[in-house]
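Please examine the structure shown below.

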Amino acid sequence: MIQRTVLTGAKLLKRTVGSSLYRQFASGHREIPALTKERYPVKRGQFAEVTDGDVSKFKSILGGSSRVLTQAEEIQGYNIDYLGSVRGYSRVVLKPKNTEEVAEILRYCNGRKLAVCPQGGNTGLVGGSVPVFDEIVVSLQLMDKIEKIDEYSGILVCQAGCILGTLEEKVNEKGLVMPLDLGAKGSCHIGGNVSTNAGGLRLVRYGNLHGSVLGVEAVTAEGRIMDLMSNFKKDNTGYHLKHLFIGSEGTLGIITRLSIFCPTASKSVNVAFLGLESYDAVKNTFLAAKRGLGEILSSCEMIDELSLESSTQHFNLQSPIDKYPFYMLIETSGSNVAHDEEKLTTFLENSMEEGIVLDGTVTNEPTKMRNIWKLRELIADSLINDGYCFKYDISLPLENFYDIVLAVRERVGPLATKVTGYGHIGDSNLHLNVSCQKFTPEIYKLLEPFVYEYTSKVRGSVSAEHGIGFLKTKYLKYSKRPESLLLMGQMKQMMDPNGILNPYKVLPC
Ligand code: FAD
Ligand code: 2HG
Ligand code: ZN
């Protein structure tokens, strides 16, 4: 039976990330990971080591010592990733405030052959955002100016270090929304989002960042400022160089400014949380949602029983419906409250009559919608709280979408605390999570390359939205053909001849 809470004129949702994992490392609640060079087979490149003279030079570029961090305790958080899977030992963190400072830093580092790791909010899940060895961290934290929000064109122009959640609030004030939304929005930077081509919870509606990002300003390894800041959707003037920086994870340049198209905010938002018996029912409900809801469908998420159990137990949350093997979170956003409600009601009534949806709740009341979203968004964090979590972010055909969860569950048996599957079914993107008490080579070897070979056999993608970073470089070959890998290597060589930008990331070493 579908329960309904009606409250017209619902405001837009504001979602925030759960607990800060840094605090957990600092307080000793979570184990500090082994150094990357000890956990994984990787060899330091032929880069120079930072000297006192280099530190003095950085202080002169950044106008003093306050934006050049060298104290071990200040640097710790910049060396460990969110997952607690990789740890570098950088001695220096630089915090530029503008593009010219980034350009001067890179010009100098390139001349000295000092390796650099660009860092945004450090919420990346593939080990790309922290140094592998002693690379200098260039943090974009202080580059957080919003330059312009134009309500007529919907264009936002800002520096790369703006936090996604802050941008969401600011564009909301002008009747717009950010075209992407993710659980880490309270800490991730828009520059990090663009560098990873982040997907998230709204991609089904607004498409990916290759479409929404209208312009990019980036600094190349040699310190050249590339002004690609177009403010138009239509601009067919030769090669679209901006795309090279979208999704290249800091290996081709440091993004410093962006121009992004923000769609108009919807007046009417509804969230449905549904209980289902099987994966087949989930697949059929997705098809019914696409057909029945059409243009108002703005999120379509799948959650399995163990995933929901994890977020509810770890964060003491209450599910609005009874227990089922699968759940779906469906969001609609439109401009006409009565029209949207009618569509949603018809879709739900039909789905229940046909027996594909067993139970559900629908709301447009902001607090209730926020609480439902929390159940989904906090799954990622909750599984890390089991101790350690192996995370696989894969694209799979819908007919094989959930089988891998069952196969992995059988393969790892009692070595895992939980093997769960959830994710953006609307975009064929599964998050397979394997949580355990701590990282062990035994479980790691059972999972990799198994998961990637499986993915490759069904012609899926080894990274749907999180990128390649450090953790997936050797698996890139499962999704990219040799001629593509060769061209990627040639482009890297051309744009970063000394290989100083985020070495050991994306391209196989
Ligand atoms: P970082 O983690 O700091 O960096 C990521 C990569 O980008 C690194 O390679 C880094 O070197 C590079 N980089 C960062 N800034 C720049 C810059 N200005 N110029 C050049 N390179 C740069 N991802 C999704 O796609 N969808 C999700 O739904 C999603 N949900 C998440 C939920 C949680 C709870 C968490 C912890 C993570 C989630 N992620 C998700 C992953 C992560 O949040 C995204 O990858 C995000 O885009 C990273 O942004 P960041 O600013 O934290 O970048
Ligand atoms: C999400 O959709 C994120 O919640 C994180 O992409 C997924 O942690 C994960 O596996
Ligand atoms: Zn995701």
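A nonpolar core is a set of buried Ala, Val, Leu, Ile, Met, Phe, Trp, Tyr and Cys residues joined through side-chain atoms within 4.5 Å. In soluble globular proteins, nonpolar side chains tend to be buried together. In this predicted model, the largest nonpolar core comprises 118 residues, and the members that touch the most others are F58, I190, I330, F390 and I404. Beyond its neighbours within four places in sequence, I404 contacts I394, L396, L430, L432, V451, Y454 and T455.

The structure also contains 6 cavities of 30 Å³ or more. The largest cavity has a volume of about 930 Å³. Its lining consists of 50 residues, with T123, G124, L125, L182 and A184 nearest the centre. Helix α7 contributes the most to this lining, namely 5 residues. By type, the lining of the largest cavity has 18 nonpolar, 25 polar and 7 charged residues.

The second largest cavity has a volume of about 150 Å³. Among its 15 lining residues, F390, K391, Y392, E448 and L471 lie nearest the centre. Strand β15 gives the most to this lining, with 5 residues. Here the lining divides into 12 nonpolar, no polar and 3 charged residues.

Finally, which residues coordinate the zinc ion (ligand 3)? The donors are H424 (NE2), H431 (NE2) and E465 (OE), at 1.9 to 2.1 Å. Their spacing in sequence is H-x6-H-x33-E. H424 counts as buried because its relative accessible area, 3%, is under 20%. H431 is likewise buried, with a relative accessible area of 5%.

Definitions and conventions. Residues are numbered from 1 along each chain as its sequence is written. Chains are lettered from A and ligands numbered from 1 in the order in which they are written. This is a predicted model: local features need pLDDT of at least 70, side-chain atom pairs count only at pLDDT 80 or more; totals for chains, interfaces and linings use all residues. Side-chain values use heavy atoms; hydrogens and water are left out. Donors are N, O and S atoms within 2.8 Å of the metal (3.2 Å for Na, K and Ca); water is not among the atoms, so sites may look incomplete. Buried means under 20% relative accessible area, exposed over 50%, partly exposed in between (1.4 Å probe, protein chains only). Contact means heavy atoms within 4.5 Å. On a 1 Å grid over the protein atoms alone, a cavity is a set of points where a 1.4 Å probe fits but cannot get out, and a pocket is an open set with protein on both sides within 12 Å along at least five of seven lines; lining residues have an atom within 4 Å of a point. Grid points are joined across faces, edges and corners, and a volume is the space filled by probe spheres set on the points. Helices (H or I, at least four residues) and strands (E, at least two) are DSSP runs, numbered from the N terminus. Ala, Val, Leu, Ile, Met, Phe, Trp, Tyr, Cys and Pro count as nonpolar, Asp, Glu, Lys and Arg as charged, and the others, Gly among them, as polar.
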